Amino acid sequence: MASFLVHENPILPSQNPRTFQSHDDLGGWSVKQTISTRGFYAMAAAMTLSTFTYSTILPHIGAHLETEGLPDRVVLTSVALLAVCGMAGKLLFGFIAERITSRRAMMLTLAGQCISILLIVISPSQPMIWISVSMYGLF
């Protein structure tokens with residue numbers, strides 16, 4: 001949704017006749033101008049929906065792996081691996097967001113989360129769990 005509504009090069013207030021104040025108004029948009037754009041609400045909705053993976057899926061990964069019959073040692077190690085990869089992923093995607101735009105980094109993160117969650121659900125074998133849990137942590 002955000003990829004269709006949020007643009008890389010937004011119209012500056014000096015270029016948009018609807019919000020044009022003066023030629024000195026190049027410091028950015030006011031709060032009122034910002035919340036009147038579609039892009040603001042698209043980005044807010046995308047960010048809100050993306051947090052659901054952390055609030056709904058993350059707390060249940062250990063229980064899911066246990067239900068699939070994996071030993072406690074594997075479940076605990078995979079949750080620890082997810083945490084370590086999660087810390088590394090935040091650093092990595094902070095760097096990536098500076099190289100490519102933050103919108104593309106967010107799209108890459110959300111796509112990676114979807115793929116890794118599907119891998120966790122579809123293939124609960126030990127080798128695949130290590131890969132998918134690491135991927136979920138990175139994204």
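Reader: What makes Leu110 count as partly exposed?
Author: Leu110 has 26% relative accessibility. The cut-offs are these: buried means under 20% relative accessible area, exposed means over 50%, and partly exposed is in between (1.4 Å probe, protein chains only). Since 26% falls between those limits, Leu110 counts as partly exposed. Leu110 has its place in helix α7.

Reader: What kind of model is this, and how are residues numbered?
Author: This is a predicted model, in which local features need pLDDT of at least 70 and side-chain atom pairs count only at pLDDT 80 or more, while totals for chains, interfaces and linings use all residues. Residues are numbered from 1 along each chain as its sequence is written, and side-chain values use heavy atoms, leaving out hydrogens and water.

Reader: How many helices and strands does the chain have?
Author: The chain comes to eight helices and zero strands. From the N terminus on, the elements run α-α-α-α-α-α-α-α. Helices here are DSSP runs (H or I, at least four residues), strands are runs of E with at least two residues, and numbering starts from the N terminus.

Reader: How much of the chain counts as buried?
Author: Of its 139 residues, 30% count as buried. The chain exposes about 9,000 Å², and carbon and sulfur atoms supply 70% of that area. Such areas come from the Shrake-Rupley method with a 1.4 Å probe; for residues, only the protein chains shown count as cover.

Reader: Now to pairs of helices. What describes two packed helices?
Author: Two numbers do the work: the angle between their axes and the distance between the axes. Axes are lines fitted to C-alpha atoms, for helices over the stretch in contact, and angles run from 0 to 180 degrees between N-to-C directions.

Reader: At what angle do the axes of α7 and α8 cross, and what does that make the pair?
Author: The axes of helix α7 (residues 102–122) and helix α8 (residues 126–138) come within 8 Å and cross at roughly 155 degrees. That value is over 145, so α7 is roughly antiparallel to α8.

Reader: Which residues of α7 meet α8?
Author: Gln113, Ile115, Ser116, Ile117, Leu119 and Ile120 in α7 meet Met128, Ile129, Ser132, Val133, Met135 and Tyr136 in α8. By class, this contact has nine nonpolar, three polar and no charged residues. In that sorting, Ala, Val, Leu, Ile, Met, Phe, Trp, Tyr, Cys and Pro are nonpolar, Asp, Glu, Lys and Arg are charged, and the others, Gly among them, are polar.

Reader: Is the crossing of α6 and α8 left-handed or right-handed?
Author: The crossing of α6 and α8 is right-handed. A crossing is left-handed if the near helix is turned anticlockwise from the far one by less than a right angle, and right-handed if clockwise. The axes of α6 and α8 come within 6 Å and cross at roughly 35 degrees. The residues of this contact divide into 11 nonpolar, seven polar and one charged.

Reader: Why does Val74 count as buried?
Author: Val74, which is found in helix α6, has 1% relative accessibility and so counts as buried. Val74 touches Gln126 and Trp130, not counting residues up to four places away in sequence.

Reader: And what makes Gln126 count as partly exposed?
Author: Gln126, in helix α8, has 29% relative accessibility and therefore counts as partly exposed. Gln126 and Val74 are 52 residues apart in sequence and 7.9 Å apart in space, C-alpha to C-alpha.

Conventions: Angles under 35 degrees count as roughly parallel, over 145 as roughly antiparallel, 65 to 115 as roughly perpendicular and the rest as oblique. Contact means heavy atoms within 4.5 Å.
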